[in-house]
Amino acid sequence: MVCRRGAAGLLAFAGLWGLSGCAPDDSSTTAATGDAVCARIFSTNDTHGRLLPAEQSWSEGRLVGGSAALAAYVARERTAVPECPLFIVSGGDFMQGTLISNLTDGRATIDAMNAIGYDAVAIGNHEFDWGVDVLVERVTEADFGMLGANIFLRGTDRHPDWVRPWTIVERDGVRIGFVGMVTPSTPTITRAVNVADFEFGSIAEALDRYIPVVREEGVDFVVAVVHEGAFCEADDEGNDACEGQALEALAATTQRFDYAVTGHTHSRVETDIRRVPVIQSFSNTTAYGLGRIDRDADGTVSARRLGIHRVWADEIAPDPGLEEIVASYSAELSDLMDRIVVTLPEELRAPRDGDFPLGRIVADAQRAASGADIALMNNGGIRRPLPAGPVTYSDLFELQPFGNMLIRHTMSGAQLLQTLEHSVRPSGGTDLHVSGITVRYDPAAPAGEQILEVTLDDASPVVPDGRYEVTANDFLSTGGGGYTAFADAEATVAVGIADLEALVAHLEAQPQPFPVPRDPRWIESPAGR
């Protein structure tokens, strides 16, 4: 294999930005002619450091995923169609999320991905979680291109010197150019201090800027690798209806690409944009996507998805080399990983939004650890469900893997009400879990009037001119998720306790059987009720 990677800071050549006003090029014919060529694309996304197989709530006791099983599927697909070389890509968020990966700041995951043979990955927003210095270390250790064509030094059109916008990979005479992007929402969903020096531009503009550059280098195909999300749901007739920001960005691109891999939403995406296949394959190494791109002798390019396939760990012999790599990292952690912290009477789910028992437990833990009147916990920090029965430290680490520190704020009632208003979603759901209060709200009311009443646990109302001790993690405290009211708090005190530490202590202190908090704390009260 020969890789050629785009130079950091490469500027658009003259006149390129003028293409933004052109009509999209839907032509499926390139200027190249000659021998017919083909390639297959093996893709994952949002693997989040999942190096070991695990049971899932839907897997009926079977183990799914893990890097050794994934490597075995890669090996099988490499030999399935010998005339079409296999290229391996990731839609981003590949390091953050498990004890093995996080305690090595992602190094264990990079070692596994190198051994699997990844060719190109999009940088995801969670790649910034340990700070830029750590990310740069991982970039230098990777044998594959870590791509961020829309990452710029703040106030410039230049990339940081460690960012590659694109890479070209050649295998068996087939050359593919990969252009990678991260979600532009990164500044609001990542710790602000970790991305303060950067701006995250338009995905469509980045593709328009670099696809011509890559094609000038002489490639057979161009693949967009986008850490931005979408969802596909079956309509009443059983047909997929797909929507999301990744699809909007790809549709706005004026330069032709031949295949696209997305990520970020941990979802199944199987759709086309301008007759070009787009795929996303769930998350946590539980599945991989497969596609094929062909160019006929006359230069006509066509591509198709070959489906999303589950990574059943019991269906294929695991790759022994990957097993050895993972074992080398996990051996010294096994006692900690396997320690049972609590036994749950039932599974605790983790929906994307709304008020649910697991979120209440996390918020309760943070209030107990900080001694505050109120605690607020964002749903985005609740990363997995918990199973019924014994729950290990490793399970809890995957639930809260980010190492967020708790911050106690002295806030006015008005600031608290503003924060709760921001939590209400247009869908009627809510983003924050609360402890110490009950919130009655009307999602159909005008913005600024959706919170109808907030009551403390002692039944007293929260009033605008009151003063309250409110605990939140440092992601929220620094404006993450758009929660800006914390910056105006009268006082801010670092508690000195991490969210996971607080959760473990709280769970261990509970009586048995474990008391699941079932009463809702957000109560929807539409006008007229």
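Modeller: Gladly, and bear in mind that this is a predicted model.

Biologist: What makes strand β17 (residues 276-281) a partner of β15, and in which sense do they run?

Modeller: Two strands count as paired when at least two bridges are found between them. β15 and β17 are joined by two bridges and run parallel. In this pairing, Ala260 stands opposite Val278 in β17.

Biologist: How do you know that strand β12 (residues 221-227) pairs with β15 too?

Modeller: By the cut-off of at least two bridges: β12 and β15 pair over four bridges, in the parallel sense. Here Val223 is the residue opposite Tyr259 in β15.

Biologist: Which way do the residues of β15 (residues 259-262) point, and are they buried or exposed?

Modeller: Tyr259 and Val261 point one way, while Ala260 and Thr262 point the other way. All of them are buried, a word that stands for under 20% relative accessible area. In general, side chains in a regular strand alternate between the two faces of the sheet.

Biologist: Now the helices. Why are α1 and α8 called roughly antiparallel?

Modeller: The axes of α1 (residues 67-80) and α8 (residues 320-330) cross at roughly 160° and come within 8 Å. Angles over 145 degrees count as roughly antiparallel, so α1 and α8 are roughly antiparallel to each other. Their crossing is right-handed.

Biologist: Which residues make the contact?

Modeller: Ser67, Ala68 and Ala71 come from α1, and Leu322, Glu323 and Val326 from α8. The residues of this contact comprise four nonpolar, one polar and one charged.

How values were computed. Residues numbered from 1 in each chain as written. Predicted model: local features only at pLDDT ≥ 70, side-chain atom pairs only at ≥ 80, totals over all residues. Heavy atoms only, no water. Buried < 20%, exposed > 50% of the residue type's maximum accessible area, 1.4 Å probe, protein only. Axes fitted to C-alpha atoms, helices over the stretch in contact; angles between N-to-C directions. Parallel < 35°, antiparallel > 145°, perpendicular 65-115°, else oblique. Left-handed = near helix turned anticlockwise from the far one by under 90°. Contact = heavy atoms within 4.5 Å. Nonpolar A, V, L, I, M, F, W, Y, C, P; charged D, E, K, R; others polar.
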